[in-house]
Amino acid sequence: MSTLPPLPDTGPIIRVENLTIGYGGKPVLENVSFEVRRGEVLVILGGSGSGKSTLLKHMIGLYTPMTGRVLIGGDDIVHAEGAQRQAILRRFGVMYQHGALFGSMTLLENVRLPLETFTALSARAIDLVARTKIDLVQLTGAEDRLPAELSGGMRKRAAIARAMALDPGILFLDEPSAGLDPIVSADIDQLVLRLSRNLGVTFVVVSHELPSIFAIASRVVMLDRRSKSIAASGDPRELREHAPDEWVRRFLNREPEPA
Amino acid sequence: MTSAPRLQVATAHGHTVLRLSGLLDAARVDAVWNAALEAVQRSPDAPVVVDTAAVEHLDGAGIALLLDLLRQPRGENAGVRIEGLAARYQALLDQFDPAQFRAQPERARRPASVREVLGRGSMAATSGALDALAFVGETTKALMHALRAPRSLRWRDTLTAAQRGGADALPIVSLISFLMGLILAFQAAVAMRQYGAEMLVADLVGISLVRELAPLMTAILLAGRSGAAFAAEIGTMRVDEEVDALVTMGLDPVRFLVVPRLLAALVMTPLLTLYAMMVGLFGGAAVMSTFEIPLSAYMRETFAFVTLSDFVGDMVKTFVFGAIVAGVGCLRGLRTRAGAESVGLAATSAVVTSLVLIVVADGIFAVVYYHLRV
Ligand SMILES: Nc1ncnc2c1ncn2[C@@H]1O[C@H](COP(=O)(O)OP(=O)(O)OP(=O)(O)O)[C@@H](O)[C@H]1O
Ligand SMILES: [Mg+2]
């Protein structure tokens with residue numbers, strides 16, 4: 001049942017419009033708007049507690065915002081229900097911060113799951129598709145291991161493989177390189193760049209690892225905890241040198257606050 | 001050289017002078033803390049000088065003491081001044097702005113008013129009840145869907161849950177119900193024997209086991225084993241964002257996680273109860289054989305007294321108990337917040353809530369069956 005409505009090929013692929021989000025009536029971010037262009041790697045960054053994870057979870061429809069809407073491929077995920085919501089959900093995959101692989105299933109079974117649920121492919125075909133995804137993230141050989149038997153970096157790559165199972169046009173990654181050694185972290189950066197160049201996948205990445213941001217980001221959106229809004233957005237190299245806001249330049253140059 | 005901290009308080013020219021000396025570190029500073037604080041608080045309208053020239057060493061705790069003195073509310077022209085502090089300690093102290101530490105503890109300690117407590121409590125209770133109701137609706141819908149389209153059911157998870165909750169529970173169910181039958185029969189037999197009515201023990205054991213004890217004990221055991229397990233399993237998945245992953249993959253957590261466990265419980269609870277009944281009756285029979293009543297006579301008496309309607313009523317009851325245990329366990333698991341602690345809370349509250357609901361349901365069944373039988 002490959003009834004995936006194709007993404008329209010023009011205009012921004014994601015639009016965040018006037019989003020106010022928070023917990024228990026207390027806003028974390030107010031009136032935030034930005035766009036994600038097709039095929040780019042957009043990095044959401046900002047200090048600890050600035051609301052990066054919160055923003056990501058609202059963009060993928062897990063939480064309902066106080067006001068505003070999120071359009072994915074032109075359709076509002078906030079107010080969509082039933083079949084329409086399912087269709088929007090199928091446009092993207094998510095890699096959660098700790099992988100969120102299903103602990104009782106092997107790596108292969110984890111990747112097979114979305115295919116089994118949403119396609120009419122034969123078991124044989126599903127198997128092969130799942131293996132190709134595992135190969136893309138260079139985990140061939142580990143198919144039959146349980147998530148607990150994988151290292152942290154392998155788990156993140158496995159989660160990317162699962163998120164890609166149905167070939168969504170958009171991948172959301174929550175802190176793909178946090179807590180990994182520099183080489184593994186660079187491996188994941190390479191993976192992101194490869195997928196973005198070869199398959200045209202659009203990435204929305206939450207990160208505060210500067211080396212990784214400069215390696216992958218076509219654009220960044222920087223959140224500011226104090227103003228509860230976007231402090232700056234644009235090319236990270238450009239912002240590092242010429243951002244009007246001093247705090248933004250300091251953040252990107254890793255300089256401490258002046259005393 | 002280790003010397004205990006000391007404090008001398010003197011008043012001169014309208015100034016209060018606190019002279020601190022010795023080692024002001026975490027292990028010792030407590031000895032002078034309250035005295036120093038009181039000395040500062042006692043004279044809110046006179047300037048205070050804290051002389052630290054004789055202090056040998058300060059660590060973070062010693063710095064905190066100075067900060068505590070500095071942050072006290074003071075009258076005009078009555079500031080607290082630290083003097084004689086070695087430069088390296090002064091630098092440690094200068095990291096902090098005393099104003100930032102003012103009046104923070106008070107806010108947290110303000111006790112909530114009765115109205116606030118009642119209001120918050122009833123709001124939580126209402127939203128909890130609405131949430132439970134919504135969950136029952138969602139689960140029923142998902143269960144119906146699974147029954148109509150059995151291929152959509154996750155059979156492997158269902159079988160695993162059935163095995164863990166059912167087959168693996170056999171030893172403990174055997175032990176408890178055998179003992180229950182045994183004790184019940186023994187206590188009854190001692191009394192009945194005086195009237196030469198040992199045969200009535202069979203009736204008593206049979207009726208209590210079938211009508212009440214077997215379903216109740218099985219449900220309680222199930223709540224402690226499976227209910228807690230469901231809550232902890234699903235709760236851990238929630239904490240690890242696995243439930244979020246299901247949602248964004250477009251898989252309904254109720255259909256995916258709850259329905260298999262619920263179905264397993266609905267099938268296994270009646271079977272376990274039946275089994276508990278049989279084992280309990282054998283427990284009774286074991287006692288009776290020591291009173292020289294043969295097994296065949298005991299069984300004949302039991303089955304003559306326990307009617308089919310007892311039995312049917314019993315099965316209906318166990319279905320409800322099974323649904324309660326699985327439903328509460330899964331709901332508590334799905335509502336787990338963040339962190340390891342909340343998984344523990346989810347498991348605890350799953351067991352407690354199930355037990356309360358089981359007892360309430362049992363009471364309702366007792367009343368309804370009583371009126372139906374008359
Ligand atoms: N479940 C929650 N309930 C209430 N408040 C929350 C919750 N999760 C986060 N917050 C609060 O929302 C704010 C933003 O949190 P968020 O996790 O989005 O920050 P972040 O930018 O991802 O930070 P980090 O880089 O440390 O992960 C913080 O002040 C946090 O305390
Ligand atoms: Mg975060």
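A salt bridge here is a side-chain nitrogen of Lys or Arg within 4 Å of a carboxyl oxygen of Asp or Glu. The views below come from a predicted model.

**View 1. A salt bridge links chain B to chain A.** B:Arg156 pairs with A:Glu109. Their closest N and O atoms are 3.4 Å apart. That lies within the 4 Å limit, so the pair counts as a salt bridge. Across the interface of chain B and chain A, the rule finds two salt bridges. Polar contacts were counted as well: six residue pairs make them between the two chains, both partners being at pLDDT 80 or more.

View 2. How many residues of each chain are in contact? The size of an interface is often given as the accessible area lost when the parts come together. Here the area buried between chain B and chain A is about 1,500 Å². Carbon and sulfur atoms give 62% of that area. Which residues of chain B lose the most area to chain A? They are B:Glu241, B:Thr248 and B:Met249. Together these residues account for 40% of what the chain B side buries.

**View 3. An open sheet of four strands lies in chain A.** The strand order is β2-β1-β4-β5, and the pairing is antiparallel. The edge strands are β2 (26-36) and β5 (75-76) of chain A. Each edge strand pairs on one side only. Strands of a sheet pair through backbone hydrogen bonds, either parallel or antiparallel. Strand β1 (residues 14-23) of chain A joins strand β4 (residues 67-72) of chain A over five bridges. In this pair, A:Glu17 stands opposite A:Arg69 in β4(A). Seven bridges join β1(A) to β2(A), again running antiparallel. There, A:Val16 faces A:Phe34 in β2(A). The hairpin of β1(A) and β2(A) has two residues between the strands. In this hairpin, A:Gly24 takes a positive phi near 55 degrees.

**View 4. Strands β9 and β10 of chain A form a hairpin.** Strand β9 (residues 219-224) and strand β10 (residues 229-234) pair in the antiparallel sense over five bridges. A:Asp224 stands opposite A:Ser229 in β10(A). Four residues lie between the strands. In the turn, A:Lys228 has a positive phi of about 55 degrees.

**View 5. B:Leu216 sits in helix α8 of chain B.** This helix covers residues 199-239. Which residues does B:Leu216 contact, leaving aside its neighbours within four places in sequence? The partners are B:Phe321, B:Ile358 and B:Asp362. B:Leu216 and B:Val359 are 143 residues apart in sequence. In space, their C-alpha atoms are 8.2 Å apart.

**View 6. Chain B is divided into two domains.** Domain 1 spans 6-101, and domain 2 spans 138-372. How far apart do their C-alpha centres lie? The centres of domain 1 and domain 2 of chain B are 66 Å apart.

Conventions: Residues are numbered from 1 along each chain as its sequence is written. Chains are lettered from A and ligands numbered from 1 in the order in which they are written. This is a predicted model: local features need pLDDT of at least 70, side-chain atom pairs count only at pLDDT 80 or more; totals for chains, interfaces and linings use all residues. Side-chain values use heavy atoms; hydrogens and water are left out. Buried area is the accessible area (1.4 Å probe) that two parts lose on being put together, summed over both. A polar contact is a pair of N or O atoms within 3.5 Å; within protein, one must be able to donate a hydrogen and the other to accept it, and residues adjacent in sequence count only if both atoms are side-chain atoms. Domain bounds come from an automatic or database domain assignment. Two strands pair if DSSP finds at least two bridges between them. Contact means heavy atoms within 4.5 Å.
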